[in-house]
Amino acid sequence: MTHDVIILGAGAAGLFCAATAARRGRRVLVLDHAERPGKKILISGGGRCNFTNLHTAPDRYLSENRHFARSALSRYTPADFIALVEAHGIAWHEKTLGQLFCDGSARQIVDMLMAECAAGGAEVRCNSPVDAVAREGDGFTVRSGAHVHSAPALVIATGGPAIPKIGATGLAYDLARQFGLKVVQPRPALVPLTLPPDGALFRELSGIAAPVEASCGKAAFREAALFTHRGLSGPAILQVSSYWKRGEAVRIDFLPDRAAGWLLEAKRQRPRAGLRSVLGEALPDRLATALAAQIGIVAEMGNASDKALRAAEARLAAWEFMPDGSEGFAKAEVTAGGISTAELSSQTMEARKRPGLYAIGEAVDVTGWLGGYNFQWAWASGHAAGQAV
Ligand code: FDA
C-alpha cells in the first residue's frame, strides 16, 4: 500500500478530511482532476467564503434521514472552525443570520486548508484524473494517468454536479453504484426557479428585489426575493428551491410584517390613496404598480369594498407562483440528494457494507440551507471521516 488513505477530491470536505487524518499521523494522498484545489471555495460567498453559520443545527439540512447529520455536526461545530480560522489569523465578520464571512478573501480559507494539510504531511495532487477505482485485497487502488495508488481506506469527496463548468462531476455517484451503494436521485438545489410564459408580468420586473417570506410546503424563509428575466431568484427563493418539486407552488408573502386587516385600516385612514401608493410605501414602486394592477384595484381605496380589500390582502400574503423548472445544475449552488445516508455510518461516514470506503461532503445526501451550512457539513463530515480512517 502506498498510503493509509486516498481521498478523491481536493474540495472543502476532502481537504479538511486530509488535514484531520494527516494530523493523526496517517499517510494521506488527495487526488483532484482540477488544476488547483478548492475551486468552489474560491468562488463561494461572492469571493469571501461564507465558511460557517452560527445557527448550525440538524434541522437546517435536507436528507432522507434528517437525523443523519446530527452526530458529525455535534462533534465538529462552527466554534471549532472559527477557532481554526482565528488560529490562522483570518479576520471574519457576521454578515446576517449567523453567516460568517472572511473580511478578506476566500483564498485565505483554501490557504488555511492547504497549510493544515502540509502541517500533517498530506500530499495534495491536482491535475490528477481518477481513471479507475478498484477493490483489491483489503484495500483500494486508484489509477490516475500513469500512476496507480493504493490504500486500505478510500474517501469519496468529489462533491456533486452543481456548476459543471468549474469541474464538478457525478463521479461520486458512479463510484457509489460501482460499490453497490444506493444513491438518492441528485437534483439542483439553492437554485433560481423559472416561470412559464404566463408569469410574463413579473419578467417586466427583472432586477427588482424585495424582502419577502417565500414558502413551499412547510418550509418558509424570510429573506429577499429577486425577479429575473427567467423567473425568481434571491436568497428566499434559493432556500425554497431546495424543497420545491415539479408541480408544486411557491408562495410569496410580500408584506410578512403586516397584521391581519392592515389594508382595511389603510382604507379607513387614507381613503383617497390608491392601492399602488399604499403598497409603494413598503415595496419598490414598479413591484407595487404591478401587484396593484394584477389585483385590479386601481381606483382610490375608499371606493374598494372591504371584501375586495380582504381578498387583496390574502393574495398579497400568499401570492402563488407555479415554477416550471429551475435553472439546473449550471446555476445551482449545491446538489440535493446523493449517496444515501442509509449506506453510511453517521459516526464515521464509512459505508456499512464496504469497510474502508467513506463518503463525505456534498457527495452525500445531506444538503444545507443557504448561508454557510454546506461548508459546515463539509468540515464536520470531513472531520468525522478524518478521525476514523
Ligand atoms: P467540492 O465541490 O468543494 O469539492 C469536490 C472536489 O472534487 C473538487 O475539487 C473537484 O475538482 C473534485 N472532483 C470532482 N469531480 C472529480 C473527478 N471526476 N475526478 C477528480 N476530482 C473531481 N457553501 C457555503 O456553505 N457557503 C458559501 O458561501 C457557499 N457559496 C457557494 C457559491 C457557489 C457559486 C457554489 C457553486 C457553491 C457554494 N457553496 C457555499 C456550496 C459549497 O461550495 C459546497 O457545498 C462545498 O464546496 C462542498 O464541498 P465538497 O468538498 O463536498 O465538494
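These exercises walk through a predicted model of one protein chain, each with a worked solution.

Residues are numbered from 1 along each chain as its sequence is written.

**Exercise 1. The whole chain**

Task: Find how many helices and strands the chain has, and what share of its residues is buried.

Solution: Start with the elements. Helices (H or I, at least four residues) and strands (E, at least two) are DSSP runs, numbered from the N terminus. The chain has 13 helices and 22 strands. Next, take burial. Buried means under 20% relative accessible area, exposed over 50%, partly exposed in between (1.4 Å probe, protein chains only). Of the 389 residues in the chain, 55% are buried. Finish with the box: along the principal axes, the C-alpha atoms fill roughly 85 × 40 × 35 Å.

**Exercise 2. Aromatic pairs**

Task: Describe the pair Tyr-61 and Tyr-373, then the pair Phe-227 and Phe-321.

Solution: A ring pair is described by the distance of the centres and the angle of the planes. Rings of Phe, Tyr and Trp (its six-membered ring) pair if their centres lie within 6.5 Å; planes under 30 degrees apart count as stacked, over 60 as edge-to-face and the rest as tilted. The whole structure holds 14 aromatic pairs.

- Step 1: Tyr-61 and Tyr-373 sit 6.1 Å apart, centre to centre, with 90 degrees between the planes, and the pair is edge-to-face.
- Step 2: Tyr-61 is in strand 4 (residues 61-62) and Tyr-373 in helix 13 (residues 373-388), 312 residues apart. Both tyrosines, Tyr-61 and Tyr-373, are buried.
- Step 3: Phe-227 and Phe-321 are 6.5 Å apart, centre to centre, at 55 degrees between the planes, which is tilted.
- Step 4: Phe-227 belongs to strand 15 (residues 219-227) and Phe-321 to strand 18 (residues 319-321), so this pair ties together parts 94 residues apart in sequence.
- Step 5: Phe-227 is buried at 3% relative accessible area, and Phe-321 is buried at 4%.

**Exercise 3. Charges over rings**

Task: Which residues lie over the faces of Phe-101 and Trp-262?

Solution: Apply the rule. A charge sits over a ring if NZ of Lys or CZ of Arg is within 6 Å of the ring centre and within 35 degrees of the ring normal. Lys-95 lies over the face of Phe-101, 4.8 Å from the ring centre. Arg-258 lies over the face of Trp-262, 4.7 Å from the ring centre.

**Exercise 4. A loop residue**

Task: Is Val-366 buried or exposed, and what does Val-366 touch?

Solution: Locate Val-366 in the loop between strand 21 (357-359) and strand 22 (367-368). Its relative accessibility is 2%, so Val-366 counts as buried. Now look for contacts (heavy atoms within 4.5 Å). Leaving out residues up to four places away in sequence, Val-366 touches Tyr-61, Leu-62, Ser-63, Phe-68, Ala-69, Thr-341 and Trp-377. Take Leu-62: Val-366 is 304 residues from Leu-62 in sequence, and 5.7 Å from Leu-62 in space, C-alpha to C-alpha.

**Exercise 5. Positive phi**

Task: Where are Ile-163 and Met-349 found?

Solution: Ile-163 is in the loop between strand 11 (153-156) and helix 6 (171-178). Its phi is positive, near 60 degrees, though Ile-163 is not a glycine. Met-349 is in the loop between strand 20 (334-339) and strand 21. Met-349 has a positive phi of about 70 degrees, and is not a glycine either.

Methods: This is a predicted model: local features need pLDDT of at least 70, side-chain atom pairs count only at pLDDT 80 or more; totals for chains, interfaces and linings use all residues. Side-chain values use heavy atoms; hydrogens and water are left out.
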